[in-house]
Structure formats: C-alpha cells, structure tokens
Amino acid sequence: MRRRHLLVKLVAIAILACQPLLAHAQKTETQEPAVIHLKMSHFLGPKSFFQVDLVEPWARELERQTGGKVVVEVLNSSSPLGNVRNQASQVKAGTVDIALGLRGAEGERFMRSSIIELPFVVSDAKRGSEALWALYKNNVIADEYKEFKVLALFVQNPGLVHTKQTRVVELSDLKDLRLRVPNATVATTLEYVGAQPKLLQPDEIIPALRANQLDGIITNWGTPIPGFNDEMKQHTAVPFYASAFFIVMNKARYESLPADVRTAIDRLSGDTLVAQFGPLWDKWDKPYYDGAHGPGQEIVRPDAATLQRWKSGLQPVSDTYIKKLQQQGFTDAPAVYDGLIAKSSMQ
C-alpha cells in the first residue's frame, strides 16, 4: 500500500511539474507567427525622391496591408548595399530581397529593355513606363527577367541636353562637347555626332563637374544632382533618351512567403505601381525645371522643323543599335522599335 501510495504521489508531482511546459507549448502553438523581415535597397540618398516618395511609402503600405506581419528595412546609398551598379546582382544573390535599380548601370544585363532608351522613343514618363511594362507583360522582354520576380519597370521623362554655357540648337552644336551620359545607349548616340560622352553614374557627376571634366549633362529634369541649376545654365528641350529602371525581387524569397503576403506584394506592384510613375516624375522634375527659369538660365525649345532634323540625324544610330540587338538574339527588335515609336514618340 505504501509503495502504491508513494507511486501515486510521484505521478502527481510529475504532472504538476509538467504543467508549465505544456502551457508554454500550447502558447507557442497559438501565438502569432514570427515577423517577416524584408530588405529593400535603392541607389539614391536617404532624402532623395526615390526614398521619400516611392520606396518608403511602398514599404510602409506593405507593412500595413500585412497587418505588421512584414517589416521592410530600406537601404539607400548611405549603405554598402546602395551601390547603383549592384542592385540586380544583390537581389539575385539574396543579399537583399527587393531592389530599385537603373538598367544602364547594370552593364549588359536587361539589354532588350534598352530599346526604350533610344532617341525620340519616349515622350513622357507615363506613356513610356506603360510601354515598357507592356513589353514585359506581353513576353517581349520577359525572358531577361526570368531570374527575378518583377514588381515594376518604368522610365523617366525624357532626358534633355544641359550645358554650362554652350547654347545648343542644332544637332551639330553637340560636336566636341564633353557630356555626361547615363548608359552606353546614349554614349553611342553622342559619339555618332562627334561629341565626347562620359559614362558616369549619379555618384560620379559632381566630382567630374568640379574637376572641369564636363561641358554638360544629358539627363532629365528630375535629377539627383545637387546644385544642378547652379552648374547648368543652358537647356535644350529635345527628347534625347529615357533611362529605364526596374524594381525586382528575389524569386525564391517571394515564393517562400505566405500566400497572403504574396498577394499584398502583387496588389502593390505591377499595373498599380507602374501607373504612379507619370505623376511622380512630373513632381520630381518641377523644382529643377522651375530653377531653369531664373536669371542667367535659358531653355531652348527647337521648333518642329529643327526637331525633325535632330530626329533624322539620329535615326542611323537607332537603326544600328536595333541591328545590334537583333544580333544578340532580339529578333523582333525592329518591329518592337516601330511599335514604340508609333505609341509613345513625339510624332
């Protein structure tokens, strides 16, 4: 009897001892899932228009729509992960989950998308972004993004000719000018007309200007160049090019997320996100455009006949570039180019 009584006591003690562990296990099973941390990078500064008007609002809205299940860490050019040349590469490697990048800084990556950057193809950011996104959705350029989950593709308002002091009216006025260009597409165009292109990324422009290595810049109004209106006094309104941008996500990371989080990302991306870039670029352009109306500034607006001379003079460059894309396997490049001109050029 005593032995049985002792055994009952031991069992009771054991049960009491295990109750906290059982309660903890039940609590663990019912508690909220762990927070999902995502890293999103871009190549401009912490106070830039990309950060303030695009990346931060997008990140915070994703957090809101997922009820706090997702937390997005934004990394900009102040971070080692903010290098403009590495945005797509670090997404592919999984170093960051999402990145906003500049196609022209990616070397030979996304070459089919460069067709949108040719002269006189883009008339404004809204139609240009819609056209580039349509090329992706219609599988014309989708293959070059197959390693990524693509959230958006977009372009800026057209890049113009800005110089320190040289008044540019005709295409021939570009001869011998040392001009910053954002990508090899624009560099090829300037070489053709006898200019001296300098392929520089945003972080390299100010040092080059201060070292007197540039006579001007080929860029849009909405530029991340500090002191732009102090340096550039002459502006020629010719749609010389438009840079293409991307927002991509690591494909495996996206596919590993819960279905509701993927749905929230999809809801904030694609057509919805692309539609924002027309109004955003107009907003981003305005301060610099307004600054070009001050003392000592001039905006040259070539008439229709002069613009046609520019267009005709640059057409051989576009034709040669299209042939190059064909040789690289983009067999439909001529038809795609003609379609872009018909839809979004200034004709």
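Reply: Let's start with a helix pair: Thr185, Thr188, Thr189 and Tyr192 of helix 5 meet Gly313, Leu314, Pro316, Val317 and Tyr321 of helix 12. By class, this contact of helix 5 with helix 12 holds 5 nonpolar, 4 polar and no charged residues. Please keep in mind that this is a predicted model, where local features need pLDDT of at least 70, side-chain atom pairs count only at pLDDT 80 or more, and totals for chains, interfaces and linings use all residues. Residues are numbered from 1 along each chain as its sequence is written, and side-chain values use heavy atoms, leaving out hydrogens and water.

Me: What makes residues of helix 5 and helix 12 "meet"?

Reply: Contact means heavy atoms within 4.5 Å. The residues of helix 5 that meet helix 12 include Thr185 and Tyr192.

Me: What makes helix 2 and helix 9 oblique to each other?

Reply: Helix 2 and helix 9 (residues 259–267) pack at about 140°, with axes 10 Å apart. Helix 2 and helix 9 are therefore oblique to each other. Their contact is made by Trp58, Leu62 and Gln65 of helix 2 with Ala264, Ile265 and Arg267 of helix 9. It has 4 nonpolar, 1 polar and 1 charged residues.

Me: How do you know whether His42 is buried or exposed?

Reply: Buried means under 20% relative accessible area, exposed over 50%, and partly exposed in between (1.4 Å probe, protein chains only). His42 has a relative accessible area of 0%, so His42 is buried. His42 lies in the loop between strand 1 (36–41) and helix 2 (49–65). Not counting residues up to four places away in sequence, His42 touches several residues, among them Phe50, Val74 and Leu100.

Me: And why does Gln90 get its label, buried or exposed?

Reply: Gln90, found in helix 3 (residues 87–93), has a relative accessible area of 7%, so Gln90 is buried. Leaving aside residues up to four places away in sequence, Gln90 touches Ser41, Leu81, Thr95 and Val96.

Note on methods. Helices (H or I, at least four residues) and strands (E, at least two) are DSSP runs, numbered from the N terminus. Ala, Val, Leu, Ile, Met, Phe, Trp, Tyr, Cys and Pro count as nonpolar, Asp, Glu, Lys and Arg as charged, and the others, Gly among them, as polar. Axes are lines fitted to C-alpha atoms, for helices over the stretch in contact, and angles run from 0 to 180 degrees between N-to-C directions. Angles under 35 degrees count as roughly parallel, over 145 as roughly antiparallel, 65 to 115 as roughly perpendicular and the rest as oblique.
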